[in-house]
Amino acid sequence: MTMVKMKRIGVVLVLIMVVVVVSEAAAAARRHDYGDALTKSILFFEGQRSGKLPPSQRMTWRKDSGLRDGFHKSIGESQIGIRHIDLVGGYYDAGDNVKFNFPMAFTTTMLAWSVADFKPFMGTEHQHALEAIKWATDYFLKCTRMPGVVFAQVGEGFSDHNCWQRPEDMDTLRTPFAVSKKFPGSEVSAEMAAALAASSIVMRTSNRTYAARLLSRAKTVFDFANTYQGSYNATLGKWVCSFYCDYSGYQDELLWAATWLFRASKLPYYSNYVLNNIHKLDPPYNGGNFAEFGWDAKHAGIHILVSKLGFANHLQPNPFLINAEKFVCSVLPESPTPKSVSYSPGGLLFKAGGSNIQHSTAISFLLLVHARFTSGSKRTIQCGNVAVKPNRLAQVAKRQVDYILGDNPLNMSYMVGYGKKYPQRIHHRASSLPSINAYPRKLQCQGGTSYFFSSKPNPNILVGAVVGGPDINDRYSDSRADFPHSEPATYINAPLVGLLAFYKDH
Ligand SMILES: *[C@@H]1O[C@H](CO)[C@@H](O)[C@H](O)[C@H]1NC(C)=O
Ligand SMILES: *[C@@H]1O[C@H](CO)[C@@H](O)[C@H](O)[C@H]1NC(C)=O
Ligand SMILES: *[C@@H]1O[C@H](CO)[C@@H](O)[C@H](O)[C@H]1NC(C)=O
């Protein structure tokens, strides 16, 4: 070998090394550990558990709580004197200790959708995801056990918000609230039916008996919600409307539940229900709310899911597909059509109201589902004069996930316990107060006040909790008092579970 050749080889080697180093640095900046984030996003639900914790509980700083839930006088059905019904279990919705069944049901529907569509990418987390779902469905089976009655909430928001207390020793009002034939609540009942139906799909592989029980209950509860129509606002508004008021009406939940019942049962009764009642979605279903999706409004989710299930394909044009694509176009930054969202300078999707990352995760989830549907059906979406390829939808959704995990101007992860820098003072009673392990004596209602105002980081790391997130200028104050930004919520995480599973493998 001549000297010249050796030198060349040397140069080539150096070049290769430079390329490797540069691309590794770029990959480190770009590539997140989606598998780790997935594990954590599911683990979070253990921190939200109410009831008797099982030996398999991994988040061990949490203990049993709410063990007498249901054994108090109920409101709503107090007229017929329901006492002593077991309502132990379920989830605290966010940083407080109330079991709000309306958002809890939506959370469960989204967890089940995450598994229904993304199970192949979940690996060993599949089992944990099923456990997270079952924690809710076991509770919903209790809430719907009495024919003609659905429990809508356990715990009283005002009493709860008046205290900064651990769930393990709360002595706030644990009033159960119910809806009934006479005092209906179609939104909360139908969302529970949706959750039960969606969960029955994913439970089949692990336990057919349990899955059948969920589906059968979903049918009964849907029937109740549909036959006795009305909003829980009317009777429970005084208690629910400062927290989870139903602003968008209940037709969306009825249609959404029917769509899930169709997916679970394949019975034409449910697809016909959707086709025959879609016109009731108000404001006119092809206008106003088409781009809303969250614990209150299911509109965009209905259009995306019906498009995917294909039972409206005989309609030409297919109004569900038109609305699904109108929704997609209203989200894509480059689309010339009117926007339903805005973006911070750093790229986070925004909609009005608090806990903004709920919109980022829920909408990204729909984009990804539609990307996979569009890719499978070889469609191109036309947003005005801009043609959009399916891969672009998946990219926009991934950008949201990456922002949440740390690709943002503050270089911080909005998932607790993920990455180097994450929220330290989340608005969460259990996380911010010493655990029972560290402080076994009871903390009274006001006993937690000094912890609330402390500038110290929370003592218990609620691993996997995703907070409301930064403001529209990508700033984050990391303050317990700033709950619209620092509070986690189960419905922020639920759609993220599916997204993380997918990006782990893609
Ligand atoms: C399956 O579900 C049924 C009904 O909930 C339950 O009784 C049974 O123990 C479950 N089986 C297994 C193997 O978990
Ligand atoms: C529920 O109450 C809120 C606040 O009073 C109101 O804006 C909303 O329209 C009501 N929703 C329904 C479905 O009646
Ligand atoms: C975030 O990271 C980028 C790239 O490493 C760096 O240029 C920037 O200064 C960091 N910003 C903050 C607020 O730490």
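Reader: Which helix do K134 and D138 both lie in, and how many residues apart are they?
Author: K134 and D138 both belong to helix α4 (residues 125-143), where they sit four residues apart, about one turn of the helix. Helices here are DSSP runs of H or I with at least four residues, and strands are runs of E with at least two, numbered from the N terminus. Before we go on, this is a predicted model, in which local features need pLDDT of at least 70 and side-chain atom pairs count only at pLDDT 80 or more, while totals for chains, interfaces and linings use all residues, and side-chain values use heavy atoms, with hydrogens and water left out. Residues are numbered from 1 along each chain as its sequence is written, and chains are lettered from A and ligands numbered from 1 in the order in which they are written.

Reader: What do the side chains of K134 and D138 meet in?
Author: They meet in a salt bridge, with N to O at 3.1 Å; the term covers a side-chain nitrogen of Lys or Arg within 4 Å of a carboxyl oxygen of Asp or Glu. As background, side chains of opposite charge can pair when their charged atoms come close. K134 is partly exposed, with a relative accessible area of 34%, and D138 is also partly exposed, at 30%. Buried stands for under 20% relative accessible area, exposed for over 50%, and partly exposed for values in between, using a 1.4 Å probe and protein chains only.

Reader: How many salt bridges does the structure hold, and which residue does K351 pair with?
Author: The structure holds 22 salt bridges. K351 pairs with E292, their closest N and O atoms being 3.4 Å apart. This pair links distant parts of the chain, since K351 is in the loop between β5 (349-350) and α13 (357-376), E292 is in the loop between α10 (268-277) and α11 (299-309), and the two are 59 residues apart. K351 counts as buried at 13% relative accessibility, whereas E292 counts as partly exposed at 30%.

Reader: And R379, which residue does it form a salt bridge with?
Author: The partner of R379 is E325, with the closest N and O atoms 3.0 Å apart. R379 lies in the loop between α13 and β6 and E325 in helix α12, so the pair ties together parts that are 54 residues apart in sequence. R379 is partly exposed at 30% relative accessibility, and E325 is buried at 11%. Elsewhere, D69, K99 and R174 are joined into one network by salt bridges that share partners.

Reader: Changing topic, how many disulfides does the count come to?
Author: The count comes to three, where a disulfide is a pair of cysteine sulfur atoms within 2.5 Å. One of them joins C163 to C445, S to S 2.1 Å, and this link is left-handed, with -95 degrees about the S-S bond. C163 lies in the loop between α5 (157-161) and β3 (176-180) and C445 in the loop between α15 (429-432) and α16 (449-453), so the bond ties together parts that are 282 residues apart in sequence.

Reader: Then what does the side chain of D246 reach?
Author: It reaches the backbone nitrogen of S248 at 3.4 Å. Leaving aside residues up to four places away in sequence, D246 touches F102, E187, S231, Y232, N233 and D296, where contact means heavy atoms within 4.5 Å.

Note on methods:
A polar contact is a pair of N or O atoms within 3.5 Å; within protein, one must be able to donate a hydrogen and the other to accept it, and residues adjacent in sequence count only if both atoms are side-chain atoms.
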